[in-house]
Amino acid sequence: MFLQIAILSPVFGLFDYLPPKDGLSADVLPIGLRVLVPFGQKSTATTGVIIQIKDSSDCPLNKLKQITAILDTDPVLPSTLFHLSQWVCRYYHCPPGEAWNLFLPKRLRSGKTNAWPLRAGKKKHKDHSSTTVPTVSEAIQLNEYQVSAIDRIRDSLGKFNTFLLEGITGSGKTEVYLQAIESVIKQGKQALILVPEIALTPQTLSRFEQRFSCTLAVLHSGVSEATRFYHWKMATEGLAPIVIGTRSAAFVPLKHPGLFVVDEEHDLSFKQQTGVRYHARDVLLMRASLEGCPIVLGSATPSLETLHNVKQGKYTPVTLPNRAGNATASRVTLINPRNEKTVSGISETLRHKISEHLANHRQVLLFLNRRGYAALLYCESCGFKARCKRCDASLVYHHKKNCLKCHHCLSTTTPPTACPKCQATPLKPVGIGTEKIEKTVSEWFPEYAIVRIDRDVIQHPEALQSALSTIHTGVPLIILGTQMISKGHHFKNLTLVGILDIDAAFYSADFRSQERLGQLIMQVGGRAGREKHQGEIVLQTHFPEHPLLTTLLTSGYKAFAEALLAERMAMELPPYTHQILWQAESKHATRANELLTWIKNKSLSLMRQPEFNTRHVHIMGPVPALMEKKIGYYRAQLVVQASDRKDLHYWIDRLLAELQASPIRTSARWVINTDPQEVL
Ligand code: ADP
Ligand code: ZN
């Protein structure tokens, strides 16, 4: 008997081992158990998982090693998730052990016991069905759309179905999740909810806590490893009826899966940007089909991928067309800064509106997606710009700390007193960041508080909590924020939102940039006027007549998305085609490019073989990354595109096998990125 093992480290392939010395007990099916095995040159044993039992091995018997120990008596994952891990491995083309690592908490990856942690042992655990006191629904009179949405989800419980719950911010989507979840819990099952960022939106979590009296397992990176494991156990053993977390929670086993929810399904944070490049929404969709569970994707601004799936009849659309309660839609004003005097990027009109709203005792939000004081320091006589030595990027000037920061590698330096190149003049700050706006508006409106929310001032959850509680007092003030403020918040007294400088999206080389811009405008704009007072949005752009912007503002996000989809179709871009990026990087200036050129040439020679004739892929590149040098690495990529996913995966598998067999594979770091979300 031979056992095929996935080693829990980044190595491709599975490895054959012999059973341990004292054998395997006959009544245990060992698939899915963790083991310790000798691996490579390491003196200590490595953790692995048994994937398959075989009666022969390609490896000669004298080369085979014995399993050191079997760690579990039961499989660490239910069989559905065992299959999901295999899907992750095939779909994202990652080493099998890396896929397994996504499912297992650190403790289990490192070979420790799967028993309850000590501190939990002290608490008494009752079975979930008995702990779940029926939940207390607030006295909310649901509107007809909410009622119908909840009914349709309830009707699907117990079988796989994908819903797109579409509705503007404040239309009552969360209320729909809450009531659907209530039904799930009453059936003795569990609900798993993915949210973009828990630390940034404590409100979402507290709404769940307030509504349900049962145990919530909360999984995100902000908690300690021990707490994480405890919550993971609660979910796995079925003791937590509600499991809520960020993208990594998509992999948490549930004993009684009943319903999956992905809130803000369009959000980029669901895509992992290091290690296995998985998309949590897509993983959860596959999981829902394996576990036979309905899944609800919620968004005010669904991704084009999701809308495309709705058009193809794969997802069921459910719409909440109005704002819940009394709130009405916001009024939008477009301002071209070219036609007006601006100070720190704020036009006269916007300045007037700010003072009006403040005088009416309302709150104002100014959004700018750039931290710091000035985008760069520049020499007016010779044109010198302060740039990062390790990245292809300008250094951002931070006034208060008087430093130059690279926002990519996070290195910091002191600004030079004179131009380092021509020694002529002091360098001049150009471009605007949140720090500069803060200075300007505090001079304009000294009697009002300014709450700035960006990564420079908010470095831990307590700082955010304190900033948010200031806003929640409702006193008139100015909120100033980056991306950090765009999601999930509900500020009752906020009536004016100013969005500054969105124009980069119109120049960007990333074909997704306009989709993201539309989502951002709707999301940030959606913060205004969420209660009884009407909201107002001021959008500053040099392209006020841009057709896409006009469509977005006059006909709404859906029409905007339709226009973008038509463009994507014409240009044969996703979601009408599928892409995989092969990304490489090296400290050596040419190696990434050389490695990818090797892959490209391999694929050209494969194309001459008859079996490839029917499998059409299009290979573009290699090209340097948009920011070629980052943190000291030179980066390049190859885009592999096909209209049929099967062809695409077939190709990547073949190329991967070729690369694995060649010593060139170690000449640069590389990774395969299935369904890339950003051009890097
Ligand atoms: P979304 O998740 O779409 O942003 P929420 O579910 O958070 O919307 O609802 C926005 C606000 O309206 C919340 O304060 C919520 O309690 C309230 N709300 C939701 N549904 C109703 C309703 N039918 N009647 C009155 N208020 C509602
Ligand atoms: Zn840098």
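Which glycine follows α7, and is its phi positive or negative? It's glycine 188, and its phi is positive, near 80 degrees. Keep in mind that you're looking at a predicted model.

**Helix α7**
- Helix α7 covers residues 173–186, which gives it 14 residues.
- From its first C-alpha to its last, α7 reaches 20 Å, close to the 20 Å expected at 1.5 Å a residue.

**A four-stranded sheet**
- Strands β27, β28, β26 and β29 form an open sheet, in the order β27-β28-β26-β29, and the pairing is antiparallel.
- At the edges you'll find β27 (618–630) and β29 (669–674), each of which pairs on one side only.
- Going from one strand to the next, the twist averages 20 degrees.
- Zoom in on β27 and you'll see that it is joined by seven bridges to β28 (residues 633–642), with the two strands running antiparallel.
- To spot a facing pair, find lysine 629, which stands opposite tyrosine 634 in β28.

- On the α11 side, the contact involves Leu304, Leu307 and Lys311.
- Their partners in α18 are Tyr557, Lys558, Ala561, Glu562, Leu564, Leu565 and Arg568.
- Sort the residues of this contact by type and you get six nonpolar, no polar and four charged.

**Two residues to look up**
- Threonine 440 is found in helix α13 (residues 434–444).
- With a relative accessible area of 9%, threonine 440 is buried, because the cut-off for buried is under 20%.
- If you leave aside its neighbours within four places in sequence, threonine 440 is in contact with Val343 and Ser344.
- Glutamine 203 lies in helix α8 (residues 202–211).
- The relative accessible area of glutamine 203 is 26%, so this residue is partly exposed.
- In sequence, glutamine 203 and threonine 470 are 267 residues apart, while in space they are 14 Å apart, C-alpha to C-alpha.

Conventions
Residues are numbered from 1 along each chain as its sequence is written. Chains are lettered from A and ligands numbered from 1 in the order in which they are written. This is a predicted model: local features need pLDDT of at least 70, side-chain atom pairs count only at pLDDT 80 or more; totals for chains, interfaces and linings use all residues. Side-chain values use heavy atoms; hydrogens and water are left out. The expected span of a helix is 1.5 Å times one less than its number of residues. Two strands pair if DSSP finds at least two bridges between them. Axes are lines fitted to C-alpha atoms, for helices over the stretch in contact, and angles run from 0 to 180 degrees between N-to-C directions. Contact means heavy atoms within 4.5 Å. Ala, Val, Leu, Ile, Met, Phe, Trp, Tyr, Cys and Pro count as nonpolar, Asp, Glu, Lys and Arg as charged, and the others, Gly among them, as polar. Buried means under 20% relative accessible area, exposed over 50%, partly exposed in between (1.4 Å probe, protein chains only).
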